[in-house]
Amino acid sequence: MDELDRNILGILGADARTSVATLARRLKVARSTIQARLERLETSGVIAGYTLKLGEQARQGRLRASVLLTIEPRTQAAILTRLKAIAEVERVFTTSGRFDLLLQIAAPSTQVLDQVLDEVGAMTGVRSSESLIHLSTRIDRAV
């Protein structure tokens with residue numbers, strides 16, 4: 001990836017609906033260059049898809065939490081299988097340090113969030129969990 005690729009990704013990260021013509025104009029290159037770069041970025045897996053990003057209005061009414069899990073050795077595969085079955089679990093990351101997994105959870109109410117946290121904490125192989133409830137988003141540069 002070179003600087004042009006990074007610039008394309010930066011613009012699309014801010015607005016995935018940016019047209020090829022607009023990209024070419026902003027980056028001062030030919031439309032065919034942008035099209036070829038996009039095809040290469042898609043084929044190579046750098047761009048996995050185009051999606052929408054929900055604004056604060058759409059996210060209101062949804063409680064979000066990060067959950068840090070410490071798990072027993074050799075239980076990750078089984079725990080991941082069970083986590084996939086919980087609709088409120090949006091993402092799971094492996095981590096370095098004293099925690100093994102980081103979960104991102106979104107729930108419509110405190111009752112549902114509490115149930116999900118209880119369900120996760122009771123899973124066989126989970127040694128401990130620590131929950132962090134998200135209060136507000138101050139910076140969001142996620143691509």
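**Entry 1: H1 against H2**

I began with helices H1 and H2, which are oblique to each other, in what is a predicted model. The labels I use are DSSP runs numbered from the N terminus, with helices (H or I) of at least four residues and strands (E) of at least two. H1 covers residues 3-14 and H2 covers residues 20-27; their axes come within 11 Å and cross at roughly 125 degrees. Those axes are lines fitted to C-alpha atoms, for helices over the stretch in contact, and the angles run from 0 to 180 degrees between N-to-C directions.

Which residues meet here? From H1 I listed Leu 4, Asn 7, Ile 8, Ile 11 and Leu 12, and from H2 Leu 23, Arg 26 and Leu 27. Contact in these notes means heavy atoms within 4.5 Å. The residues of this contact divide into 6 nonpolar, 1 polar and 1 charged. In that sorting, Ala, Val, Leu, Ile, Met, Phe, Trp, Tyr, Cys and Pro are nonpolar, Asp, Glu, Lys and Arg are charged, and the others, Gly among them, are polar.

**Entry 2: H2 against H3**

Next I followed H2 to its contact with H3. The axes of H2 and H3 come within 8 Å and cross at roughly 115 degrees. That makes H2 roughly perpendicular to H3, and the crossing is right-handed. On the H2 side I found Val 20, Ala 21, Leu 23, Ala 24 and Leu 27; they meet Arg 31, Ile 34, Gln 35 and Leu 38 in H3. By class, I have 7 nonpolar, 1 polar and 1 charged residues in this contact.

**Entry 3: salt bridges**

Then I turned to charge pairs. A salt bridge here is a side-chain nitrogen of Lys or Arg within 4 Å of a carboxyl oxygen of Asp or Glu. How many salt bridges does the rule give? The count comes to 6.

Asp 5 and Arg 37 form one of them, at 2.9 Å from N to O. Asp 5 sits in H1 and Arg 37 in H3 (residues 31-43), and the pair links distant parts of the chain, 32 residues apart. Are these two buried or exposed? Asp 5 and Arg 37 are buried; buried means under 20% relative accessible area, exposed over 50%, and partly exposed in between (1.4 Å probe, protein chains only). I also noted a network of salt bridges that links Asp 2, Asp 5, Arg 37 and Arg 40.

Arg 64 and Glu 90 meet in a salt bridge at 2.7 Å, N to O. Arg 64 is in strand E1 (residues 63-71) and Glu 90 in strand E2 (residues 89-94), so the pair ties together parts 26 residues apart in sequence. Arg 64 is partly exposed at 22% relative accessible area, and Glu 90 is partly exposed at 36%.

The side chains of Arg 127 and Glu 72 meet in a salt bridge at 3.1 Å, N to O. Arg 127 lies in strand E4 (residues 126-133) and Glu 72 in the loop between E1 and helix H5 (76-84), so parts 55 residues apart in sequence are tied together. Glu 72 is partly exposed, with 32% relative accessible area.

What else does Arg 127 touch? Not counting residues up to four places away in sequence, Arg 127 touches Thr 70, Ile 71, Glu 72 and Pro 73.

Gly 125 counts as buried at 11% relative accessibility.

**Entry 4: positive phi**

Lys 28 has a positive phi of about 60 degrees although it is not a glycine. Lys 28 is in the loop between H2 and H3 and is exposed at 72% relative accessibility. Arg 74, in the loop between E1 and H5, has a positive phi near 65 degrees and is exposed at 84%.

**Entry 5: ground rules**

Residues are numbered from 1 along each chain as its sequence is written, and side-chain values use heavy atoms, with hydrogens and water left out. For this predicted model, local features need pLDDT of at least 70 and side-chain atom pairs count only at pLDDT 80 or more, while totals for chains, interfaces and linings use all residues.

Note on methods. Angles under 35 degrees count as roughly parallel, over 145 as roughly antiparallel, 65 to 115 as roughly perpendicular and the rest as oblique. A crossing is left-handed if the near helix is turned anticlockwise from the far one by less than a right angle, and right-handed if clockwise.
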